[in-house]
Amino acid sequence: MHKENTGDAPSAHTPRVRHHRKRNTDVVAGAGKPNGSHLLVNDSSKYKSFLIRAYSTVWMIGGFALIVYLGHLYITAMVVVIQIFMARELFNLLRKTHEDKQLPGFRLLNWHFFFTAMLFVYGRILSQRLVNTVTPDKVLYRLVTSLIKYHMAICYSLYISGFVWFILTLKKKMYKYQFSQYAWTHMILIVVFTQSSFTVANIFEGIFWLFLLPASLIVINDIFAYICGFFFGRTPLIKLSPKKTWEGFIGASITTMISAFLLANIMGRFLWLTCPREDLSTGWLHCDPGPLFKQETHALPGWISNWLPWKEISVLPVQWHALCLGLFASIIAPFGGFFASGFKRAFKVKDFGDSIPGHGGITDRMDCQMVMAVFAYIYHQSFVVPQSLSVDKLLNQIITNLTLEEQQALFTKLGQMLQEKVIGS
Amino acid sequence: MEKDLNQNSPRIRKLRDNGYPPNTPTSRMNNNNQRDNHPNSPRDYNHTPSSPTARLRWRNRSNEIPTEVKRGNASNVRNLLLGDKNKYRSMWIRTCSSLWMLGGVFFIIYMGHLYIWAMVVGIQIFMAKELFFLLRRAHEERRLPGFRLLNWHFFFTAMLFVYGRILQQQLVNTVSSDRFIYKLVSGLIKYQMVICYFLYIAGFMWFILTLKKKMYKYQFGQYAWTHMILIVVFTQSSFTVANIFEGIFWFLLPAALIAMNDVAAYFFGFYFGKTPLIKLSPKKTWEGFIGASVATTISAFLFANVLGQFQWLTCPRKDLSTGWLHCDPGPLFRPEYYPLPTWIASFSPWKEISILPVQWHAFSLGLFASVIAPFGGFFASGFKRAFKIKDFGDSIPGHGGFTDRMDCQMVMAIFAYIYIQSFIVHQDYSVEMILDHISRSLGHEEQKMLYAKLGDILRHKLQGGF
């Protein structure tokens, strides 16, 4: 998109303007320039780029909805694929082809670390579910439990072998490049895997939480910021992204919070979205969603009920939590976008990649999502799930260290102990 | 500042590399600097009359120069004599500071777990300060006031997060007596993740709001550098602290093995060293490496026996108190007796030897310490060479900075933690132990919750998965 626009520009200073633009392909700012011949050219390319952007957005949303329908496992697979693409974009970003030619096999090191990180992160998150899935078969069960027990040791040995390999391939005069690439690889893996591990953890707690609600809020925030800025935008927001405006920001915040409230109501009614998934199966889910998703009816105050036909509104308690998520999505999450913009400007990169037409690369789409996913997980763990840590830890120890017979024995003995306490006290 | 007179200090070196002449009276063009022998960076070729020796001085963090002998340059004869004197003097300085460090460590171990933790935190702060300082550029720093504060903000957040997670069980056990503080502490622990997250986000937003035009690249570089430092420093120190509260033995043994490996490699290399080991560190030799490996594994076996007899070292600490510890150390530390084979028994007065089972684990620790842990040192050497730094700092005379001492320790601490969690701690689990743990550490409500959850999981399993 941007590439064809810069090709059309006859005057010298417009390329600099376009270079400082954010990933939005509009060239509205170009209209301010004295050169009149821009306007007509820009109009047609503006609408064309808008169309391409809208087209790819529709495809992305459609694909996304399909995957949500298919289930938890497929969403996890989608997250893994997105991760792989993001990592590939970012690995490629700061590589210098000249040095790379002298270092064969160095790229392989990146993917080795990627594989190790994947094993580590998903092993930890999905270990509980994996154990629940393979119980019926005895041999597989023992294999899986021992893999989980030595999981940390396995990942560590893989990491150390990568570390040793790195040191043994250090080449004179290439030290600085190699160390920078090593640090860059670590930073990428941390950024990509933190957010995706929290995303996957949230998916298995219930598609509603992680996935759907925060992701939709970010999308809504983006779209409404664009629309509000388009119609009312006047005062610029931050030097990093010259096209963002305060009007767009505030309008989007209000809209996001309202839609968070409403979306939570709509989504909270589907069991498919609210039930946690305890194993890795793909069938339908039935569960008791818990007090958060049971409707409470609040009577409307008198002066409102005079107007409207409804006398009371039913609110799911989860909607209040959704308000907090909406607040965060509109105020803090855009900073992820600013960070990405600043980063691209610092390293003179136009887009992270060009996988998605009209939007740049996948990292461009995911930058705000990353900040949101981490917040959603932490919010969920702290305020929504009222569990004490020692119970979870003990439960984890019990599941991973005892065989099924021992767990049952523990269960009966614990039951006896509790009954004795109740009788005795 | 008297520190700037030292031609070796990273600040002067950086200033020179950036093209700013240092304003010290000692002329750096004098190649025959008598104080020490590493005055020039390789870029100053107009100032060095004899460039081969300047390149030779590109040495590892040791101050010795035995390889000078190979060059036939006449001025080297004079350097050799000075070199000898310098060599012994630097060995003396190095030995002195080693003894002081050793003494300090013994004292702290005697004092207990809490003081060891405090020492680890102190070492961390110094390491972080050295590393933060390392790649800063004074020119850009002047234009970004308050940017250093951001580093320390992230440091504080990381500290809160890491130690909150590791020590939460101990903290809860310490304050159970008092009701009000208990509620306060358990509330803090429950929301610990949120608190740390908001602190981090605040730092993130602060960083973005202070981005200055034309300084973007420097600021992003510093941001990434801060994260890498904090990860490196805090990973190893958090694992170290977790090991300490598992039992000082698990902290002392790996650290002692690394020190032993260093010292043994030095002596074996000194007397037998011939074939160089790796291009990164030209003074390491294969003879030193192999000799040290053998010495380290043997001494691991023996150290474990000696150290494993003290309850102060082997008992885990369940809370943050500082008194004496009494506990049942577990099957690992109970001596088992093996009768010696007859041909040895006829020599020595002992008929059987007592071996603590933990000594076999110590073998693996020793093996790792001698084979893999030196790669931490190679990494640090390569890093210093890549970024043209002599030492990470100069806090310890003769040794460089704290990071120079801790580079192999870091790799070892992580390995020790993972080894312990995978192969040692989990051997003791049985139904009775867990039941006992449940009745001791959970309240009645929590026990009922555990019971209900366990019932759910077992029911789900028994019904079959698919």
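**Aromatic pairs and a nonpolar patch**

Hi everyone, let's start with one residue: A:Phe113 is buried, with a relative accessible area of 5%. Buried here means under 20% relative accessible area, exposed means over 50%, and partly exposed is in between, using a 1.4 Å probe and protein chains only.

Before going on, a word on the source: this is a predicted model, where local features need pLDDT of at least 70 and side-chain atom pairs count only at pLDDT 80 or more, while totals for chains, interfaces and linings use all residues. Residues are numbered from 1 along each chain as its sequence is written, chains are lettered from A and ligands numbered from 1 in the order in which they are written, and side-chain values use heavy atoms, with hydrogens and water left out.

Now to the rings. Over all chains, the structure holds 58 aromatic pairs. Rings of Phe, Tyr and Trp (its six-membered ring) pair if their centres lie within 6.5 Å; planes under 30 degrees apart are stacked, over 60 edge-to-face, and the rest tilted. What kind of pair do A:Phe113 and A:Tyr159 make? Their centres are 5.3 Å apart and their planes at 50°, so the pair is tilted. This pair links distant parts of the chain, with A:Phe113 in helix 6 (residues 106-133) and A:Tyr159 in helix 8 (residues 151-168) of chain A, 46 residues apart. Helices (H or I, at least four residues) are DSSP runs, as are strands (E, at least two), numbered from the N terminus. A:Tyr159 is partly exposed, at 28% relative accessibility.

Next, a pair that crosses between chains: A:Phe375 sits in helix 16 (residues 362-384) of chain A, and B:Phe198 in helix 9 (residues 192-209) of chain B. Here A:Phe375 is buried at 5% relative accessibility, whereas B:Phe198 is partly exposed at 40%.

Ring pairs also build a cluster, and its members include A:Phe113, A:Tyr159, B:Trp225 and B:Phe387.

Let's finish on the surface. A nonpolar patch there has about 830 Å² of accessible area together, and among its residues are A:Phe383, B:Phe156 and B:Leu184. Patch residues have over 30% relative accessible area and no salt bridge; like charges are joined within 9 Å, nonpolar side chains (Val, Leu, Ile, Met, Phe, Trp, Tyr) within 5 Å. A salt bridge puts a side-chain nitrogen of Lys or Arg within 4 Å of a carboxyl oxygen of Asp or Glu. Accessible areas come from the Shrake-Rupley method with a 1.4 Å probe; for residues, only the protein chains shown count as cover. Helix 8 of chain B gives the largest share of the patch, four residues. B:Leu184 lies in that helix 8 of chain B and is partly exposed at 48% relative accessibility.
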